[in-house]
Amino acid sequence: MAKVKRESLGRSDWVEAGLKALARGGVPAVAVEPLAKELGATKGSFYWHFADRNALLEAILERWEQRDTELVIAAIDETGDATTRLRALLRVAFTSVLANSADGRGSVELALQASAAHPLVAATLDRVTARRLGQLTALFVALGLSPSAARDRGLLAYTAFLGHVQLAHATPELLPKGRAYSAHVNRTVEALVRVGS
């Protein structure tokens, strides 16, 4: 792994290294000494940017929340009508599963789910899950479902996404590959978006 030059090492470098460590080994892997070694830095460099490990974990969680929730929702909100936005959101989520398993993002999602009892993680997961479900629910309401039915459909879509993340991580051979995966995503999206009888 390429080391970052000390003189250019900043807070963001520590956060990105922490995200990668989280993807590889969960919350316990977010440890100061191994990250310092990976970055070619000293623990003093870490403490220049963060008060302690929890401060780093908070910054990692903020970055993950922003990157994997807020930026995705913001990009989708710039598209057309509710159907178009919902399809785009679901496609981004489901197609990111395989892409993100390669860059560790899917593993971050799983690592956080596995560490849901950790106070910092629990608060972030509560907020992110509520935000994601709220967005899905609002889109399904805009498609004509009642708030209750929209919440149920949003929950179904979200659990389908988490299931895909788990499969991509634990048993990737069970998911279709290439064009077959794209076709699978399209079928899944259309099944979730269909609100008529």
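**Notebook: an aromatic cluster in a helical chain**

I looked up the aromatic rings and found that ring pairs link Trp14, Phe46, Tyr47 and Phe50 into a cluster. For this entry, rings of Phe, Tyr and Trp (its six-membered ring) pair if their centres lie within 6.5 Å; planes under 30 degrees apart count as stacked, over 60 as edge-to-face and the rest as tilted.

I note that this is a predicted model, in which local features need pLDDT of at least 70 and side-chain atom pairs count only at pLDDT 80 or more, while totals for chains, interfaces and linings use all residues. Residues are numbered from 1 along each chain as its sequence is written, and side-chain values use heavy atoms, with hydrogens and water left out.

**Ring pairs**

I searched the whole structure and recorded four aromatic pairs. One of them joins Trp14 and Phe46, edge-to-face, with 5.3 Å from centre to centre and 70 degrees between the planes. This pair links distant parts of the chain: Trp14 belongs to helix H1 (residues 11-25) and Phe46 to helix H3 (residues 43-49), 32 residues apart.

I then asked why the pair of Phe46 and Phe50 counts as stacked. The ring centres of Phe46 and Phe50 are 5.3 Å apart and their planes stand at 25 degrees, so the pair is stacked.

**Burial**

I next checked accessibility, where buried means under 20% relative accessible area, exposed over 50%, and partly exposed in between (1.4 Å probe, protein chains only). Trp14 counts as buried because its relative accessibility is 0%. Phe46 is also buried, at 0%, and Phe50 is buried at 3%. Over the chain, buried residues make up 42% of the 197 residues.

**The whole chain**

I counted nine helices and zero strands; helices (H or I, at least four residues) and strands (E, at least two) are DSSP runs, numbered from the N terminus. The C-alpha atoms fill a box of roughly 60 × 35 × 30 Å, taken along the principal axes.

I also looked up contacts, meaning heavy atoms within 4.5 Å. Of the contacts in the chain with a separation of 6 or more, 70% are between residues 24 or more positions apart.

Finally, I recorded that the chain exposes about 10,100 Å², of which carbon and sulfur atoms supply 57%. Accessible areas come from the Shrake-Rupley method with a 1.4 Å probe; for residues, only the protein chains shown count as cover.
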